[in-house]
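Thanks for coming, everyone. I'd like to walk you through a few spots in this one, so let me put it up on the screen.

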Amino acid sequence: MSVRMGEEQKQYQEFLKSRQPAKHWLKNSIRAFFAGGIICLIGQGIQETFVHFYHMSEQMAGNPTVAILIFLSALFTGIGVYDVFARYAGAGSAVPVTGFANAIASAALEHKSEGYITGIGTNMFKVAGPVIVYGVVAAFFVGLVRYVFTNF
Amino acid sequence: MKIGKQTWQFASEPRVISTGSAVGEKEGKGPLGIDFDLVITDPYVGQKTWEKAERKMMEMAQDKAIEKAGLSMNNMDIIIAGDLLCQNISANFAARTAGRPYLGVFSACATSMEAVALSALMVDAGQADYALAAVSSHNSTAERMFRFPTEYGAQKPPTAHSTVTGAGALVIGRAPNGIKITHATIGTVTDLGVQSPWEMGAAMAPAAAQTIDQHFRDTGRQPTDYDAIATGDLARVGHPIASELLLQKGWNLGDRFTDCGILIYDPDSQHEVFSGGSGAACCAVVTFSHLFNKLTTGIWKRILIVATGALLSSVSAQQNETVPCVAHAVVFEADQN
């Protein structure tokens, strides 16, 4: 922070506290719970379809299920529906794999105007990139802990 | 002529020769829709990219203002314009089309009154017979610059703003009639430590209060000397805060205190309004159309427009810097004839 928090700044922050509209924590949490749940329910439905009609094992059915969800999310992003849904659903649409697909597809769409290499290629992971980076880093440390515990 | 500490008085009283305003569909469907010159329902304005669309809108607003004045671009001695994009590309590229002497300016959403004040100054000083002041903003270019990709699904807090898609232009010059530009108060950059880029209203309110307070001190005027005092884009969160800050400074502005960001949208019937409108075009399109109409029809005699700007960039916000803000005020008076 480059501005020193002087007395005036502190007073103003205090003054603001009662004057900012409340964030709708509870409403947003409830919406997120149900919206996220519905997405997972759809995913479960797709997986069950693969298991029952295509005779896959549950584990095998996982991959095509995720692929279908990613495809649907990218499609709905492209036709401009996913962001409308996400504004309502909040974390419920961001946490499942569909949120990740939306982050990548929307960034790719946005930067198409700068070309396929410098635009889409460079910026596609702009929003979703941190998830991959810290996902890999976290996996490394979890793996390390597991290795230590199982071998020593 | 300088009066007080921060106020310019324009002795020759430059006139608003004509105005031009172009807005997008959402603004056109808002409560002020009928006041705008052009409502363009295609968000791309027939162009290939959002940036080109914003630029096109700025050119359309400029052309409209010049056309209404019965002049041509060649009559403009100077263009003073700005926008929100990096390196002011909308204004710069529109000036390439115009081919006239040009100065680019930036004060974020306060750019509108900065451009008007400087244009009036140049006309007042005799450096220009006609000056063209213009600003633009576009919801989709601003989303991409300052927030997320347009199709990215993100929930915004109620303190967020909706950037106005549009452009406003003024032809200012010497003329026997028309709205008079009499004073401008140039603001100081104020930072009271608001850090979140989602709380621009709260960040900008102290800057607005400071400029308004200084304007009254410099001119020796009272709030009652004005029929309306409008801030640029403090919106529903920032505007009451500014009102309260002014009350603390001893100025009760009452009902005459309004805000362009509140006026432009109807939160009950329109989606995605949040606390209200923002963007360089917000103050410009509302002032140049709706508020000026009240002056030209004689309902109001004198108004003070206080454009407010948050001087952050996406880099400064990511580096956890607080948001410095500025507000520039300009006085417009109805023609007495």
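Let's start where helix α1 (residues 7-17) of chain A meets helix α7 (residues 235-248) of chain B: their axes come within 12 Å and cross at roughly 125°. That makes α1(A) oblique to α7(B), oblique being what is left after under 35 degrees (roughly parallel), over 145 (roughly antiparallel) and 65 to 115 (roughly perpendicular). On the α1(A) side, the contact, meaning heavy atoms within 4.5 Å, is made by A:Y12, A:F15 and A:L16, and α7(B) brings B:I241, B:E244, B:L245 and B:Q248. By class that's 5 nonpolar, 1 polar and 1 charged residues.

Quick housekeeping. This is a predicted model, with local features needing pLDDT of at least 70 and side-chain atom pairs 80 or more, while totals for chains, interfaces and linings use all residues. Residues are numbered from 1 along each chain, chains are lettered from A and ligands numbered from 1 as written, and side-chain values use heavy atoms, without hydrogens or water.

Last stop, helix α6 (residues 97-110) of chain A. α6(A) is mostly covered, with 11 of its 14 residues buried, including A:G99, A:I104 and A:E110.

Note on methods
Axes fitted to C-alpha atoms, helices over the stretch in contact; angles between N-to-C directions. Helix = DSSP H or I, 4+ residues; strand = E, 2+ residues; numbered from the N terminus. Nonpolar A, V, L, I, M, F, W, Y, C, P; charged D, E, K, R; others polar. Expected span 1.5 Å × (residues − 1). Buried < 20%, exposed > 50% of the residue type's maximum accessible area, 1.4 Å probe, protein only.
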